[in-house]
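Here are my notes on this model, point by point. Please read them beside the coordinates.

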Amino acid sequence: MKKAVFLDRDGTINADEHGYINKPDDLHLYPFAAESIFKLNQMGYLVFVVTNQAGVAYGYFQIEDVEKINAKMVNDLAKGDAKVDEIFYSPYHVDGKIESFNIQHQDRKPDIGMFLKAKDKYHFNTKESFVIGDRYSDIGFGKNAGLRTILIRSGSGENEFLQKRNETKYKPDFVVKDLSVAVKLIEELENK
Ligand SMILES: [Mg+2]
């Protein structure tokens with residue numbers, strides 16, 4: 001049975017230093033992103049991107065912008081032969097002001113609506129699958145879904161780890177520097 005890796009987008013695949021990414025030009029892949037995802041492809045993992053995009057609910061940008069940014073990501077990753085099987089995004093936030101997106105929704109991490117959609121469509125072994133992300137909401141998503149969890153310290157990860165590790169109920173299985181190290185870790189676990 002196949003296995004899957006769920007990747008957060010901002011701060012995991014691309015740099016996230018300037019707040020919301022609201023146009024394609026704002027998206028800059030980390031230099032190791034394509035190579036890391038290519039390795040996961042080679043190892044036979046399904047690769048899914050799961051990204052909270054509450055900026056839609058807040059009115060900072062629109063669904064079409066999210067889709068254009070995602071398309072740029074896919075295109076840039078393809079230059080390094082890396083392939084994403086599917087991208088899931090959540091435009092919801094309960095404090096938003098745009099009608100129909102300003103709700104509590106199970107697609108918003110740490111809830112697992114996006115996981116359930118992937119699970120429904122693709123067949124993979126959850127227990128042997130991973131989530132990699134830079135926030136505790138990613139770790140919560142993984143815990144709630146039954147995935148193995150890797151917190152990375154790129155993007156918001158360093159701050160999240162330093163400020164929230166004692167208060168959060170979500171304890172990651174591993175904490176590593178960035179996506180490239182996380183993928184090396186998955187390789188090592190495979191070879192055990
Ligand atoms: Mg992130």
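1. A charge sits over a ring if NZ of Lys or CZ of Arg is within 6 Å of the ring centre and within 35 degrees of the ring normal. Lys119 meets this: its charged end sits over the ring of Phe124, 4.7 Å from the centre. Arg165 lies over the face of Phe161, at 4.6 Å from the ring centre.

2. Basis of these notes. The model is predicted: local features need pLDDT of at least 70, side-chain atom pairs count only at pLDDT 80 or more, and totals for chains, interfaces and linings use all residues. Residues are numbered from 1 along each chain as its sequence is written, and side-chain values use heavy atoms, with hydrogens and water left out.

3. The metal site. The magnesium ion has the protein donors Asp8 (OD), Asp10 (O) and Asp134 (OD), which lie 2.2 Å from it. Donors are N, O and S atoms within 2.8 Å of the metal (3.2 Å for Na, K and Ca); water is not among the atoms, so sites may look incomplete. Along the chain the donor spacing is D-x1-D-x123-D. Asp8 is in the loop between strand E1 (3-7) and helix H1 (33-42), while Asp134 is in the loop between strand E4 (130-133) and helix H5 (136-145), 126 residues apart. Helices (H or I, at least four residues) and strands (E, at least two) are DSSP runs, numbered from the N terminus. Asp8 and Asp134 are both buried. Buried means under 20% relative accessible area, exposed over 50%, partly exposed in between (1.4 Å probe, protein chains only).

4. Aromatic pairs. The whole structure holds 14 aromatic pairs. Rings of Phe, Tyr and Trp (its six-membered ring) pair if their centres lie within 6.5 Å; planes under 30 degrees apart count as stacked, over 60 as edge-to-face and the rest as tilted. Tyr45 and Phe130 pair edge-to-face, 6.4 Å centre to centre, with 65 degrees between the planes. Tyr45 is in strand E2 and Phe130 in strand E4, so the pair ties together parts 85 residues apart in sequence. Tyr45 is buried at 3% relative accessible area, and Phe130 is buried at 1%.

5. A second pair. Phe48 and Phe88 are also edge-to-face, at 5.9 Å centre to centre and 65 degrees between the planes. This pair links strand E2 to strand E3, 40 residues apart. Phe48 is buried at 0%; Phe88 is buried at 7%.

6. The cluster. Phe6, Phe48, Phe88, Phe115, Tyr122, Phe124 and Phe141 form one aromatic cluster.
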